[in-house]
Amino acid sequence: RGGGGGGAAGRAVRVRGRACAGAPGAVSAFPSRGGRGPGKCGSEFCRSPPCLRRCRPETDREAVATAVQRVAGMLQRPDQLDKVEQYRRREARKKASVEARLKAAIQSQLDGVRTGLSQLHNALNDVKDIQLSLIDVNKDWRQSINTIENLKDVKDAVVQHSQLAAAVENLKNIFSVPEIVRETHDLIERGELLQAHRKLMDLECSRDNLMYEQYRMDSKNTHDMNLIHTYFGDMQKLSEELAKQLWMVVQRSLVTVRRDPTLLVSVVRIIEREEKIDRRMLDRKKQTGFIPPGRPKKWKEKMFNILERTVSTRIEGTQADTRESDKMWLVRHLEIIRKYVLDDLLVAKTLLDQCFPPHYDIFNRLLNMYHQALATRMQELAAEDLEANEIVSLLTWVLNTYTSAEMMGNSELSPEVDVNSLDALISQNVVDQLLNKYMSTLTSNIIGWLRKALETDKKDWIKETEPEADQDGYYQTTLPAIVFQMFEQNLQVAAQINEDLKTKVLILCLQQMNSFLTRYKDEAQLYKEDHLRNRQYPQCYVQYMIAVINNCQTFKESIISLKRKYLKSDMEDTLSISHANMDATLDIIAKEGCSSLLDEVFMDLEPHLNELMTKKWLMGSNAVGTICVTVEDYFNDFAKIKKPYKKTMTLEAHRRVVVEYIRAIMLKRISFKNAEERKEGAERMIKEAEQFRFLFKKLAAGSGEDTEGLCDIIEAIAEVIKLTDPSLLYLEVSTLVSKYPDIRDDHIAALLTVRGDASRDMKQTIIETLDQGPSQPNPNYVPIFKEITVPTLTVPKLLNVNKIGFNSFLKTQDTEFYFHSIFRLIIK
């Protein structure tokens, strides 16, 4: 650039070069090949001669300046002067090299220009010669127009000759048409379809050629065309007869391919021939406008239409039964469809596919036909008024069986059949409608089944034979097994369709179970009431009530098992409330059942309970012994109650015995006359409390429950009665009240009345002082006195008395003051 390398001068040259490019007439250091034309400044570098003349002196000066700068760079040190000659020779060599390259480039450009000029000169001469030749051709063409018009008669003669030649060529066939028709007919009857079609093709070819020649000569002459068509009229019947035979073979292609595949191959070859003729005739129609009658036959299209109708008929024809004749008609129908479709597709893949050309893609076509036929059939079935079990059968088949290994997912059909690419046989809307209908019907059925199961169970309750026992010896009825077997069956059926339906059915079953348990509770209550009207009926009331109680435990276990087996873990929270309600209802049924059995016990114990705390009892009545024997006898039957409820029942029986015993005390049937009677009665009470303790400890063996606390109440009351010093009654009674804070004034009054030595004022004082003291009950104490009612009060309360007595402090939490008060009372 400018004769030198980089540097300030070089940069100045480049800057001035761009300035020259930007304004016409400016100085440019580098003439460019991209200029806009002579006399103007180019887009980058100026090329016009005036600009070059102005730029050259400036360029020379810049070149000299650059050279000076470069030489100065070479000779900066004194020792470099020795190399001046070396530098000069090197620069001379570079200059010579550059000049040689420039000369070679210029010479090459000159040779190319010379060659181009020569070729242009030759092309000009060729164009002139062609122009002269075209003039001569134009003259000859104008002279031959009249000659062409004179040859029209010759042209007509040529056409007529062609027609006559075609007639002569087909003359043999024309005269032998009747004979060929008869031969072709015989061949068709004998099943020699290829030979028959060959003769038919010859006849059609003769007719088509004659009609084409007639069309070429006079396309408007319909008379001659009809004459030819009529003469060959039997040929059309032959074609129809042959087609009928072909379609019969096509209809039975899946059977024929197993017995005589060559026959099916012959049919396919005939159809292929006809397809080629159709294409040829259509091509000629585009060129000439003529097409023979009956063309195109479109036998290939007809063949697929017949196959499609055959598939549809085969699917529809598999229904052998109706709902009236067989309840399992749909299951049988779907199973036959599955078997037929699978067998047909396997045959199509292994045998039929080999009999057709590859471009027919016969297997995939048949697969689509069967799929469409099945979809149509399934939609028809879905539109019928199906029952619940039929809906399940249909949906199971459509959603699962169809794509399973039993059908389309069969390993022998892969990889040609991809179950993931198959469209649904019925739409999702139809599936939803069927599922809704199924759930509605199932709801009604479950309600009916549960009602019927309960009615059947109620009939068992009045039988004169005991209920069956399970493997552990516990009484039970068949109700839980029937109910949950029904639930299991419906859930298993729903699981065959999909997980969502299984969950819905489970929720439905549990909801209906909740309602059912309410009815079950009501029926158990009515059963109890009916028995109370006549205790002799039913004979096995106790045993069946035990079975009802045990059924509650079985129901609980079955519900848990059902949820564990069929409910997803993420659905637990959804049904937790429903499960809690069922558990509560079952507990109520069991509790009421246990209560009714205990009522039965205490009805028998009533005469003996009435003997308690009477003169007869004091004289040595064995009422408590009889009570214990009776309770133990009943609990021999109650041993067949399952443990959770038996344990509860034992505790309740213990409690009720103690309550009845205390109630007998509070009824004031006896009033002891002296200390000896009080001692004797108290000791008898302690002894009988021990009998009760022993009895219920024996009955509760293995339960791990503390059965002694209740009997302690009897002993505590006995201690109050046994006390010999009346002045200590304050302490004993206050101790009793502190242990059993639910004891009331009337209870204390009754107890003092039974004791027989407490004056009116003493009773009144004790009650008043106890009322004024605070009560701190034991948090583990279960109230018992609140269940005991005293008929009348013998010591009235004194109202509006605000006197603080000594015993009021016995209920305080001040232990030091408590013992100090006891000491003062003893001194007094």
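Guide: Let us begin with helix length, for which the expected span of a helix is defined as 1.5 Å times one less than its number of residues. This is a predicted model, and in it helix H13, residues 329-355, has 27 residues and reaches 37 Å from its first C-alpha to its last, close to the 39 Å expected.

Visitor: What does the secondary structure of the protein chain come to?

Guide: The protein chain has 29 helices and zero strands. Of its 828 residues, 41% are buried, and among contacts between residues at least 6 apart in sequence, 74% join residues at least 24 apart.

Visitor: Which residues are buried in H22?

Guide: The general idea is that an α-helix has 3.6 residues a turn, so residues three or four places apart point the same way. In H22, the buried residues are Ala623, Val624, Gly625, Ile627, Cys628, Thr630, Val631, Tyr634, Phe635 and Phe638. As for its span, H22 has 16 residues and reaches 22 Å between its first and last C-alpha atoms, close to the 22 Å expected.

Visitor: Why does valine 624 count as buried?

Guide: Valine 624 counts as buried because its relative accessible area is 1%, whereas the cut-off for that class is under 20%. This residue lies in helix H22, residues 623-638, and, leaving aside residues up to four places away in sequence, valine 624 touches Leu612, Tyr661, Glu688, Gln691 and Phe692.

Visitor: Which residues does a cis peptide bond join, and where do the prolines lie?

Guide: The background is that most residues other than glycine have a negative phi, and most peptide bonds are trans. A cis peptide bond joins serine 414 and proline 415, with omega about 5°, and proline 415 lies in the loop between helix H15 (388-401) and helix H16 (428-461). Tyrosine 537 and proline 538 are also joined by a cis peptide bond, with omega about -5°, and proline 538 is found in the loop between H18 and helix H19 (541-566).

Visitor: Is lysine 298, with its positive phi, buried or partly exposed?

Guide: Lysine 298, which is not a glycine, has a positive phi of about 55° and sits in the loop between helix H11 (261-288) and helix H12 (299-316); it counts as partly exposed because its relative accessibility is 44%. Lysine 668 also has a positive phi, near 55°, and its place is in the loop between helix H23 (643-666) and helix H24 (675-699). Lysine 668 is buried, however, with a relative accessible area of 18%.

Methods. Residues numbered from 1 in each chain as written. Predicted model: local features only at pLDDT ≥ 70, side-chain atom pairs only at ≥ 80, totals over all residues. Heavy atoms only, no water. Helix = DSSP H or I, 4+ residues; strand = E, 2+ residues; numbered from the N terminus. Buried < 20%, exposed > 50% of the residue type's maximum accessible area, 1.4 Å probe, protein only. Contact = heavy atoms within 4.5 Å.
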